[in-house]
Amino acid sequence: MIKKIISYLTPVPLEVIPSNVSEQLELTLYNGKLLLDTKRTNYSYGNLQKVLRKGLLKIGYESINQMQNILVLGVAGGSVIKTLTDEFKYDNKITGIEIDPVVIKIANKYFKINEISNFEMILADANQYVKETNSLFDLIIIDIFEDCFMPDFLYSDEFIENTKRILKPKGYILFNSIVLNKKSEEKNLIYKQYFLESKYQVQSFPNLNDKNELILIKKEFE
């Protein structure tokens, strides 16, 4: 209780956990809420959750609740899962792909996402998963970071074409990125150019939380 009270004045570090993927993960109490961070950025339940929530609001409650199958690439602590189920009242299937087994343990132990009945967590590489799956999705949320850096494969022809392949008509891709420099801006510009075909609508929301850019893509038809 004392730590929770102090957290309204200053962040209270609780635990540092080593990770082969993100170097280290940090559990912190801030404003009475438990956050999952790395050395350099928030992973779940802080500013990141607010950024993704803005993207979901752009899609809209009604559209999301008509969806049957949502894919989350990069689960971390599962804050976007909680936003979907708690705030948007989404009760159809959510599949989460997470490469870091340490993160999965944290998400289950501290944030209880394994208790969400319509959510399935899969330990896998997101690049490999989208290559091999035959499932189709109404919404693909891409939220993959290694600390505050984005893996190169996210911008590869193969990954992008595979996400396009598994996206249903009228479906959405919500791509969360960090823009740290001019090179990051250029990579996002190139990413958006993959969706210049008439069957896609592309919206971009830069400068969220100072350094995030959300890219929202809607597939109008097959």
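Which side-chain oxygen reaches to the backbone nitrogen of Lys-183 at the start of α8? The oxygen belongs to Asn-181, and the two atoms come within 3.2 Å. This is a predicted model, in which local features need pLDDT of at least 70 and side-chain atom pairs count only at pLDDT 80 or more, while totals for chains, interfaces and linings use all residues. Residues are numbered from 1 along each chain as its sequence is written, and side-chain values use heavy atoms, with hydrogens and water left out.

**Helix α8**

- Helix α8 covers residues 182–193, which makes 12 residues; helices here are DSSP runs of H or I with at least four residues, and strands are runs of E with at least two, numbered from the N terminus.
- From first C-alpha to last, α8 reaches 17 Å, close to the 16 Å expected at 1.5 Å a residue (the expected span is 1.5 Å times one less than the number of residues).
- Ser-184, Asn-188, Tyr-191 and Lys-192 are the buried residues of α8 (buried means under 20% relative accessible area, exposed over 50%, and partly exposed in between, with a 1.4 Å probe and protein chains only).
- These residues sit on the same side of α8, because they cover an arc of only 95 degrees around the axis (the arc is that of the directions from the helix axis to the C-beta atoms).
- Lys-182 and Lys-183, on the other side of α8, are exposed.
- The cover over the buried residues of α8 includes β8 (137–142), α7 (157–165), β9 (167–178), β10 (200–208) and β11 (212–219); contact means heavy atoms within 4.5 Å.

**Aromatic rings**

- The count comes to 7 aromatic pairs, where rings of Phe, Tyr and Trp (its six-membered ring) pair if their centres lie within 6.5 Å, with planes under 30 degrees apart stacked, over 60 edge-to-face and the rest tilted.
- Tyr-61 and Phe-88 are stacked, because their ring centres are 4.3 Å apart and their planes lie at 20 degrees.
- Tyr-61 lies in α3 (residues 61–65) and Phe-88 in the loop between α4 (79–87) and β6 (93–98), so this pair ties together parts that are 27 residues apart in sequence.
- Tyr-61 is partly exposed at 37% relative accessible area, whereas Phe-88 is buried at 1%.
- Tyr-155, Phe-175, Tyr-191, Phe-195 and Tyr-200 form one aromatic cluster.

**Ile-116**

- Ile-116 sits in the loop between α5 (101–111) and β7 (119–123), and at 12% relative accessibility counts as buried.
- Leaving aside neighbours within four places in sequence, Ile-116 is in contact with Ile-81, Lys-82 and Thr-85.

How values were computed. A polar contact is a pair of N or O atoms within 3.5 Å; within protein, one must be able to donate a hydrogen and the other to accept it, and residues adjacent in sequence count only if both atoms are side-chain atoms.
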